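Colleague: I am new to this structure and would like to learn how to read a pair of packed helices. Could you take me through it slowly?

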Amino acid sequence: MEIPYTVQVRRDTGLTNGKIGIWLFLASEVMLFGALFASYILIRTGSQSWPRGDTILNVPLATLNTIVLISSSVTMVMAWASLMRRRFGTFRIYMGGTILLGFVFLVVKFFEYSHKFESGLFPSTNNFLAIYFTLTGLHGLHVIGGMAVNAYFWGPGAKLWKTNPEWFTNRVEHSGLFWHFVDLVWIFLFPTLYLL
Amino acid sequence: MSQPAAVATPKPHDAHEAHHEELGFWRKYVFSTDHKVIGIQYAFSGLLFLLFGFSLMMLMRWQLAYPGAALPLIGSLLGEARMPGGTMLPDFYNELGAMHGTIMVFMGVVPLAVGGFGNFVLPLQIGAPDMAFPKLNMLSYQSFLLGGVTMLASFFVPGGAAQSGWTSYTPLADIATTGQTMWLIGMVFLITSSLLGAINFIATTIQLRAKGMTFMRFPFFVWTQFVTAFLLLLAFPPLEAAAVMQLMDRLAGTSFFLPSGLVVSGQIVNNAGGGNPLLWQHLFWFLAHPEVYVLILPAMGIVAEIIANNTRKPLWGYRSMVYSLVFLGFMSFIVWAHHMFMTGMGTAMAAFFQTTTMIISIPSVVILTALIISLWGASIRYNTPMLFAVAFLPMFGIGGLTGLPLGLNVADIPLHDTYYVIAHFHYVVAPGTLFGLFAGIYYWYPKATGRKLNETLGKIHFAGMLVCMNVVFMPMFLMGLAGVSRRLFDGGSTYNFAQPVLHWNVVSSWGAWALGLFQLPFIFNFFWSLRKGEKSEDNPWQATTIEWSAPSPPPHGNFVVAPEAYRGPYEYSVPGAAKDFVPQYEA
C-alpha cells in the first residue's frame with residue numbers, strides 16, 4: 001500500500017509528509033534543549049559563585065569547532081544542491097565532506113573532554129561542569145546521530161537515487177535540516193558555556 | 001454507498017489483499033506497520049497495564065483499611081522482603097504507590113487513549129489509508145513496550161522499584177535505590193515512544209485527510225487527538241531533559257537537584273551542592289500538567305462521538321468546542337506551578353498561576369456544558385457506550401469542580417497534602433477518563449473485530465463500575481477535608497484527629513475490591529465476543545463519520561474505495577432527509 005504525499009507535495013498544504021515530520025521533530029528538540037538552557041539559567045542565578053567559561057574551558061579549540069561545524073553546514077547544503085542539479089558524483093563528495101567535518105568536531109571534543117578529565121575536572125566537580133558536560137554530551141550524541149543518518153545516505157541509502165531520485169533528494173534535505181539544527185544548537189552553546 | 005465487504009472490490013484493492021496474505025505471523029501481528037494492528041497492540045497492552053496497576057492499588061488498599069494486619073494468601077506469596085508474615089513493609093507500600101501512579105498514567109491510560117484509540121480510529125475517521133509514517137508507528141509501540149518492560153523489571157532489582165512517587169521528587173529520588181534509575185531509563189523509552197507517536201498523528205492529520213475533509217469537518221475526536229499530539233510533542237521533552245539530569249545526578253555524581261549541605265539520615269551528603277530541588281518540580285510539572293489534558297482530552301473526544309451518535313442530534317456548539325479545545329491546549333502550558341503552591345514560591349508567582357488556572361477552567365466548562373446541552377430534547381438510545389458516555393459527564397464534573405479550590409493558592413495549602421487531592425484527580429481520571437475509554441471500547445469494538453460486545457454483560461459492567469467508583473473515591477473527599485495526609489503507609493492510624501474518619505478507609509477498600517470483581521464481566525465479554533459475539537454490519541450504530549464506511553474489520557489499506565467527505569461530521573436528524581442520519585461519506 002502506498003502512503004500518499006511521501007514524494008509529491010499535497011496541493012493544499014504545499015508539503016510532503018517528511019517535511020512536516022522533521023519540523024515537528026525539531027520543535028520537540030527545541031523544547032529539549034530549551035529546558036536544559038532554562039535549567040542552566042536557573043542554576044546559575046541561584047548559585048553563589050559561577051566561573052566564567054573561559055577560565056576553565058578552551059576557547060580557541062571551541063572556536064575551531066564552531067568553524068568546523070559551520071563549514072559542515074555549508075557542505076550539507078551543497079550536497080543537497082548537487083542532488084537538485086542531478087549531480088550524484090558531487091553529492092557524494094560534499095556529503096562525505098559533511099561526515100568528515102562532523103568527525104573532526106568529535107575528535108576535537110574528545111581531546112577537550114580527556115584534557116578535562118586529566119586535570120581532575122568531572123561533572124561532579126561543580127555545577128558549571130555538570131551543565132557543561134550534560135549539554136555538550138547531549139549535543140555530541142546529536143552529532144553522532146546526524147552523522148549516522150548522513151552516512152546511511154552516503155552509503156547503502158543511496159540506492160534509492162536510482163529508483164526514486166526525488167524521494168532521495170527530499171530525504172537528504174530532511175537530514176540536512178536536522179544537521180543545521182545541530183549546528184544551531186552549538187552556536188547557542190558556544191557563547192553560553194565558553195564565553196559568558 | 002456503505003458497501004458490505006462481500007461486494008466485488010476494485011482491482012487495486014485485490015492486489016493489496018494478495019500482498020497482505022503473504023505476510024507471516026510475525027510481520028502481521030508483532031512487527032506490523034498497519035495502524036489498526038498497532039492500535040490494537042497499544043490498546044491491549046494498555047488494558048493489561050491498567051489491570052496490573054490496579055492490582056497494586058488493591059494490595060495497598062488492604063494496608064490502608066487494616067494497617068499492620070497480615071494479608072491472607074497473597075501476602076505470603078510476595079515474599080519476606082516485601083511482606084514478612086503477610087504484613088506490608090513501608091518501603092514496599094512506597095514502591096506500590098510510585099509504580100501505581102507511573103503505570104496508570106504513562107503505561108495504562110495514555111497508551112490506551114492515544115496509542116490505542118488514536119492509532120486505530122484517527123486515520124479511519126479522516127479517511128486515510130494508514131498513518132503517514134508506518135515504520136515510525138511500529139517503532140513507537142516497540143519503544144513503549146521496552147519502557148514498560150524496564151519498569152516492570154525494576155521490581156526485581158535490589159531495593160525494589162522506584163519509591164519516590166510517580167512525580168519522583170528530588171532530592172529524595174536522587175538518593176533512592178537502583179529502582180529509580182530503572183524508572184528514569186523506562187521513562188526515556190516511554191518519552192521516545194510518545195514523541196514518535198505525536199509526530200505521526202500531527203503529520204497524518206494534516207496530510208492524509210480525505211478529499212473534502214477540511215479542519216472544521218473533523219469529528220471532535222480527531223480534534224482532541226490533534227491537540228493532544230501537540231501537548232505530547234512539546235511537553236514531554238522537558239521531562240526528558242529532567243530525566244537526563246536526574247540520571248546524571250544519580251550516575252555521574254552531579255548536583256543539579258542537590259542543594260549544598262544536604263543531610264540524609266544524620267549525615268551530610270558529600271556532593272558539590274548548589275543545585276535546586278525545585279528545578280525538578282518545575283520541569284516535571286511542565287510535562288505533567290499538559291499530561292493531565294493528554295489523559296482527559298481523548299476521553300472527551302470519544303464521549304462527544306458517542307453522545308452525538310446516540311442522541312441522534314448534531315453536537316451543540318461544535319465550533320465553540322473546537323476553539324475551547326485549542327485554547328485549552330495552549331493554556332495547559334502555563335498553569336503547571338499550581339501543583340507547587342506548597343513550595344512557598346511567593347505570592348507574585350502564585351497569583352500568576354492561580355489566575356491562569358482559573359482561566360483554563362473556562363474552556364473545560366464550555367466543552368462539558370456543550371456536551372450536556374447536546375442531550376437536551378434528544379430521544380436518547382441507552383446502549384452500553386452511551387451509558388458510559390453519559391456517566392462521564394457528572395463524574396468528570398465532580399472531578400473538575402472539586403479542582404477549583406485546589407487551583408487557588410490559599411485554599412490549596414490546607415488541602416494539598418490530603419486525600420482530597422487524591423479524590424479530585426481520581427474523579428477526573430478514573431470515573432472520568434476511564435469511563436470515556438470504556439465507552440470507546442464498547443463503541444468501536446465492532447469496527448475492530450466485526451462483532452459486537454454483549455450488551456447485558458456490558459450493562460452489568462457499567463452499573464458495577466459506576467457504584468464502585470463512587471464508593472471508592474467519595475469517602476476520600478471526607479477524609480481529605482478532615483485533614484488526613486495522603487502520604488502515610490498506615491492510612492493515618494497513628495493520628496488522633498484522623499480517628500473519626502478512618503473507618504471510611506475500610507469502605508473505600510471494599511469498594512476497590514468490588515470494582516476489581518466487576519471487571520470480570522468485561523474481561524469475559526471481551527474474549528467471548530471475539531468468537532461468539534453477535535455479528536456486526538459495517539455501520540452498526542447508524543453513525544455518520546467516515547470510519548463506519550470501511551468494512552468491519554477494515555482490511556489493510558482501510559477503505560474499499562478512497563472515501564470523500566461531503567459535509568460536517570454530525571448530520572443527524574436532518575429535516576427532509578430520507579433517514580435520521582446523513583453520513584459524511586455519502587454524496
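Modeller: A crossing is left-handed if the near helix is turned anticlockwise from the far one by less than a right angle, and right-handed if clockwise. This is a predicted model, in which local features need pLDDT of at least 70, side-chain atom pairs count only at pLDDT 80 or more, and totals for chains, interfaces and linings use all residues. Residues are numbered from 1 along each chain as its sequence is written, while chains are lettered from A and ligands numbered from 1 in the order in which they are written.

Colleague: Which hand has the crossing of H5(B) and H15(B)?

Modeller: The crossing of H5(B) and H15(B) is left-handed, where helices are DSSP runs of H or I with at least four residues, numbered from the N terminus.

Colleague: At what angle do the axes of H5(B) and H15(B) cross?

Modeller: Two packed helices are described by the angle between their axes and the distance between the axes. The axes of H5(B) (residues 90-125) and H15(B) (residues 419-449) cross at roughly 30 degrees and come within 11 Å, the axes being lines fitted to C-alpha atoms over the stretch in contact, with angles from 0 to 180 degrees between N-to-C directions. H5(B) and H15(B) are therefore roughly parallel to each other, a term for angles under 35 degrees.

Colleague: Which residues make the contact?

Modeller: Residues are in contact if their C-beta atoms, placed from the backbone, lie within 7 Å. Those of H5(B) include B:Phe117 and B:Phe120, and those of H15(B) include B:Leu437 and B:Trp444.

Colleague: Which helix gives the largest share of the side of chain B that touches chain A?

Modeller: The contact takes 36 residues from chain B and 30 residues from chain A, and H8(B) gives the largest share of chain B's side, 10 residues.

Conventions: Contact = placed C-beta atoms within 7 Å. Helix = DSSP H or I, 4+ residues; strand = E, 2+ residues; numbered from the N terminus. Parallel < 35°, antiparallel > 145°, perpendicular 65-115°, else oblique.
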